[in-house]
Amino acid sequence: SFSREAQLFVEKFEGALGKGKGKKFYAYKVMMTKKWMKFQRDFENFKTACIPWEMKIKEIESHFGSSVASYFIFLRWMYGINMILFGLTFGLVMVPEALMGKPYGSLPRKTVPRAEEASAMNFATLWDFSGFAQYSVLFYGYYNNQRTIGWLRFRMPLSYFLVGVGTIGYSFMIVIRTMARNANEEGGGDDTSFNFSWKMFTSWDYLSGNPETADNKFASITTSFKEAIVEEQESRKEENIHLTRFLRVLANFLALCTLAGSGYLIFFVVRRSQKFALEGLENYGWWERNEVNMVMSLLGMFCPTLFDVISSLENYHPRIALRWQLGRIFALFLGNLYTFIIALMDEINLKASYLPPFIIFNMHMGQEEDFQPLEEEKIVKYNMTIWEASLYNGTIPENSTAPPIQVDPADVPRGPCWETMVGQEFVRLTVSDTMTTYITILIGDFLRAVFVRFFNYCWCWDLEYGFPSYSEFDISGNVLGLIFNQGMIWMGSFYAPCLPAINVFRLHTSMYLQCWAVMCCNVPQERVFKASRSNNFYMAMLLFILFLSTLPAVYTIVSIPPSFDCGPFSGKTRMFEVISETLEHDFPSWFGKVFGYASNPGLILPFILLMVLSIYYLNATSKSYKEANLELKKKLQSVRNREL
């Protein structure tokens, strides 16, 4: 049997010896194997090249470390999310209304009022998202409340509601899924045994044939050594515990004072804006009309820098210091955002500047203190009844067969559309925040770098190593800016379907502008540190903001009646009634009964409780498995050390 096996082995591999019948076939097989391996390698390179901005991010990581690269990876992920949201709103809301809905000028809600026509196309008006921009598919108020539109009988109100709910549901699903995937990739932690030896002898890529690729790889290895050195220094550092505690308490006290001052400033500015709204914004200049947005943008620009100065007192590990910085800026932005929401809710109740003159007259006749949105709508409806009666010489015929009087939609009085007003405020805030970010990059990074570069030779001291020096990339400020901008998109897209499109444009331009600014104007941090293996800290903050962003939208959908003469839900007492209307007209009666039983709180609450218990059980199980893996890993390391 042994000789038989030897004979079979020789027959199988005799082509490798250049003998026998299998010589040509073996040579052909070797050639095809090499070609297949080359094809696989080229295909992997092609897939990498097809990932958006992958090479840019790799180049940044090689020079600035994984912590800076993690921001751009997070930005790219956010860009993908917003592309999906843009596809939903654009394909299922904006395009059907533009193609199949009634055209501009056919209804009062789709027509600029006569008093605003003269300035409807002015640049200042369009930049403020008023005029023709306000009466377009960009905002909630333009959409009609017909159940079906066009020859396809497209259900616009239902589509608008489901897209609004679907974007939030999809966002929750993708954020939680990404967090779970990152947790799985994290595993049992990094193996730091013989860390420097592994980096020294196994880091170089011997397949690199491009000089630029080789330079980037060299920079990447150098940066990884800096990261490893910082990690080793931090693990062996000894410190005065009492002095450190005092400085950290002082730093937190200063941070709390900054947050309190920021909140008071926002509150003061909001009160001023309400005063301007009551007196009439047309009597004030550009700053007074945009004071809230500009103050919020300026606070978001300067407070992170102040927090960065305060954090230097704490002497944390750079990665822990970054998390503290993120938490403080998170609290700052969260306070600003919810102060802004409260201001919007107050403006819904104090909309005198948005009302027709006859309503303002009624308010000044003693009804101002007790004025509420529903009372306002009653006044608007009453005055519209008087206006309709004036068309028929004082009386409205009930059973007249005469043709109705044709009136230009621009001349028809209309009530205030608070949904469009909320959408306009979110769009303005997003645009002003984008412009502030770009101006900060151009002035704070580019002009600063130009000044340091060209004036360093003729200055009294070394500008590169002294003041002002080249700027470092602000990871915490940029990450929190992304997260809170996305929170505004989630919160405002229900009232302004154009917001996802604006955010896609913002993220696309930010990727190129910030990549250029990092490589041309910034320098690596003095203490380059390694980012955690997962971005779950970013994702946790994003999930929290997503939850907080859904609360105002859910509150308005469930509790506040929609405007009576604008938007797809006009004529209903609550926005969610479009679901019951659809079940009543488009589904069998038994399906409506089943849906009613399924939505019963007595069934929903036990189901939610069961889900919470299941999540708690799975979380506890995963923690136990992780601890078991760590213990097994320690045992394997101890066995290896004994053998050595």
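Q: Among contacts in the protein between residues at least 6 apart in sequence, what percentage joins residues at least 24 apart?
A: The model is predicted: local features need pLDDT of at least 70, side-chain atom pairs count only at pLDDT 80 or more, and totals for chains, interfaces and linings use all residues. Residues are numbered from 1 along each chain as its sequence is written, and side-chain values use heavy atoms, without hydrogens and water. With contact taken as heavy atoms within 4.5 Å, the pairs at least 24 apart make up 77% of the contacts between residues at least 6 apart.

Q: What percentage of the 644 residues counts as buried?
A: Buried means under 20% relative accessible area, exposed means over 50%, and partly exposed lies in between (1.4 Å probe, protein chains only). Of the 644 residues in the protein, the buried ones amount to 40%.

Q: Is helix 4 roughly parallel or roughly antiparallel to helix 16?
A: Helix 4 (residues 66–100) and helix 16 (residues 475–492) have axes 10 Å apart, at an angle of about 10 degrees. The axes are lines fitted to C-alpha atoms, for helices over the stretch in contact, and angles run from 0 to 180 degrees between N-to-C directions. Angles under 35 degrees count as roughly parallel, over 145 as roughly antiparallel, 65 to 115 as roughly perpendicular and the rest as oblique. The angle therefore makes helix 4, relative to helix 16, roughly parallel.

Q: How many charged residues are in the contact of helix 15 with helix 17?
A: Helix 15 (residues 418–455) and helix 17 (residues 499–521) pack at about 10 degrees with axes 11 Å apart, so helix 15 is roughly parallel to helix 17. Among the contact residues are Asp433, Tyr438 and Asp445 of helix 15 and Arg506, Leu513 and Trp516 of helix 17. By class the contact holds 12 nonpolar residues and six polar ones, and the charged residues number three.

Q: Is Phe129 buried or exposed?
A: Phe129 is in the loop between helix 5 (123–127) and helix 6 (156–186). Its phi is positive, about 60 degrees, although Phe129 is not a glycine. Because its relative accessibility is 14%, Phe129 counts as buried.

Q: Is Arg153 buried or exposed?
A: Arg153 is also found in the loop between helix 5 and helix 6. Arg153 is a residue other than glycine with a positive phi, near 55 degrees. Because its relative accessibility is 53%, Arg153 counts as exposed.

Q: Which residues is Gln134 in contact with, leaving aside its neighbours within four places in sequence?
A: Gln134 is in the loop between helix 5 and helix 6. Its relative accessibility is 18%, so Gln134 counts as buried. With neighbours within four places left aside, its contacts are Phe129, Phe139, Thr420 and Gln424.

Q: What distance separates the C-alpha atoms of Val523 and Ala449?
A: Val523 lies in strand 2 (residues 522–523) and is partly exposed, with a relative accessible area of 28%. Residues up to four places away aside, Val523 touches Phe64, Tyr470, Ser471, Glu472 and Phe473. Val523 and Ala449 are 74 residues apart along the chain, and their C-alpha atoms are separated by 9.9 Å.

Notes: Helix = DSSP H or I, 4+ residues; strand = E, 2+ residues; numbered from the N terminus. Nonpolar A, V, L, I, M, F, W, Y, C, P; charged D, E, K, R; others polar.
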